[in-house]
Amino acid sequence: MAKDFAEPLDPLRQRIQAMVDHVNWGRRGGFYMYNRPVQELLGGARVRVDGQEMLMFASYSYLGLIGHPRISAAAKAAVDKYGTGTHGVRTLAGSLPVHQELEETIAAFKGAEAALVFSSGYVTNLAVISALVRRGDYVITDKYNHASIVDGILLSGAKMLRFPHNDMEALERRLQQVPAGATKLVVADAVFSMDGDIFDLPKAVELCRRYDAWLMIDEAHSVGVLGATGRGIEEHFGLEDAIDIKMGTLSKTIPSVGGYVAAQRDVVDYLRHVARGYIFSAALPPAQAAAAAEAFRVILDEPWRVERLRANAQQFIQGLQARGFDTLHTETAVVPVICGADETAYRFSRAAFDRGLFVLPVVSPAVPQGLARLRATVTAAHEPDEIEWAMDQMVAAAKEVGVLA
Ligand SMILES: Cc1ncc(COP(=O)(O)O)c(C=O)c1O
């Protein structure tokens, strides 16, 4: 039976009501920017929204690979060969050749012995962390890590020790806090999803070795972005053998869906038989597995995309800073444009939207209070003149809402 909201509100209904009131406040004021229907992809970084052509600055398709002919053809061929679904969980219903090929491709790309794929990046973090650690173990985690890492730690029952963002002295103090003999796992994003800065991998590796801790890195925003050939943070720092558990997603640079973990063969074999998000969840659809495998090959065959993304990111970050914006410490394709209060970020996003920019606000609790921002992402699909035009629109929008004087 449907709930009667006229009755006195119990705590759950109060919670629901508070959120619905907040969302409706945004809708009434024209500030609700989330879950927008995108009608059409128009090529490059252009999209059609509400009948209007816009420039996309909220895409994770960092190398502009959505719709790449080779990747789409691989997906179509897989549908022709295997249909659209699988028979269920791979443990019982079997793996298709496309699954094996994808895992071998990822392992080779990441310089690991083996890899295992899951149905999303979110599920990968939940499944892998909760399989690796349990009650009595310790997970030491950067305060800005992605929600899926936090949820994986909570699910595992291990003790969570957080350290201030990218603060290696604090990481060392946390490592010293763990009782002797206890299992320690250090987890961090390679590129932080809301700030775009890069994890201090060299120092973290040194500390993990000194304190005998396992190291897991989430490469959601670094594959295709960091490293000369886009292989990620280990290539960026020249630390190819330093990460124990290399986690990533197939839904950002890789234009598919799913997540993966790459590691030593025994670790992957362990996860294949212990990770509940693998054992109890169906296989990736063949089209998505084939598309993902082809995408890794395209990245290596078309290195200009990685170079172009890097140039675009530099142009965007330097151009925004020169125009007076605060972009924190980003060095990558994720570019925060700081606004201050949550409401200012909503208004800024609306004003940018009205000028043809598809760029979204991120507010507390996703980011610290007072550091609400536009979270702008630049990709290899942007043309340099589009980036210039977008930055000028952002200045006009920022002046309208008081972010710039
Ligand atoms: C750092 C990080 N890890 C994991 C995920 C989850 O990946 P997916 O979208 O494939 O579930 C995301 C998604 O935004 C992310 O930013």
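Modeller: What follows starts with a core, moves to a helix and its two partners, and ends with a strand.

This is a predicted model: local features need pLDDT of at least 70, side-chain atom pairs count only at pLDDT 80 or more, and totals for chains, interfaces and linings use all residues. Residues are numbered from 1 along each chain as its sequence is written, and side-chain values use heavy atoms, with hydrogens and water left out.

Start with the core. A nonpolar core here is a set of buried Ala, Val, Leu, Ile, Met, Phe, Trp, Tyr and Cys residues joined through side-chain atoms within 4.5 Å. Buried means under 20% relative accessible area, exposed over 50%, and partly exposed in between, with a 1.4 Å probe and protein chains only. The largest nonpolar core holds 99 residues. L102, F199, L250 and F316 have the most contacts inside it. Helix α12, residues 286-301, gives the most to this core: 10 residues. Helices (H or I, at least four residues) and strands (E, at least two) are DSSP runs, numbered from the N terminus. Another core lies apart, with 25 residues, including A131, V133, A275 and I279.

Now L102. Contact means heavy atoms within 4.5 Å. Neighbours within four places in sequence aside, L102 touches V117, L250, L284, A289, A292, A293 and F296.

Next, α12 and its partners. Two packed helices are described by the angle between their axes and the distance between the axes. Axes are lines fitted to C-alpha atoms, for helices over the stretch in contact, and angles run from 0 to 180 degrees between N-to-C directions.

Take α4, residues 97-109. Its axis comes within 9 Å of that of α12, and the two cross at roughly 30 degrees. The pair is therefore roughly parallel. Angles under 35 degrees count as roughly parallel, over 145 as roughly antiparallel, 65 to 115 as roughly perpendicular, and the rest as oblique. The α4-α12 crossing is left-handed. That label applies if the near helix is turned anticlockwise from the far one by less than a right angle; right-handed applies if clockwise. From α4 come V98, H99, E101, L102, T105, I106 and F109; they meet P286, A289, A290, A292, A293, F296, R297, I299 and L300 of α12.

Then α2, residues 69-82. Helices α2 and α12 pack at about 150 degrees, with axes 8 Å apart. That makes α2 roughly antiparallel to α12. The crossing is right-handed. R70, I71, A74, A75, A78, V79 and Y82 make the α2 side of the contact. The α12 side is P286, A287, A290, A291, E294, A295, R297, V298 and D301.

Last, strand β10, residues 259-263. Five of its five residues are buried, so β10 is largely enclosed by the rest of the structure. Both faces are covered: G259, V261 and A263 are buried on one side, Y260 and A262 on the other. Two strands pair if DSSP finds at least two bridges between them. Strand β4, residues 114-118, pairs with β10 in the antiparallel sense over five bridges. There L116 stands opposite V261. Strand β9, residues 245-249, also runs antiparallel to β10, joined by four bridges. T249 has G259 of β10 as its bridge partner.
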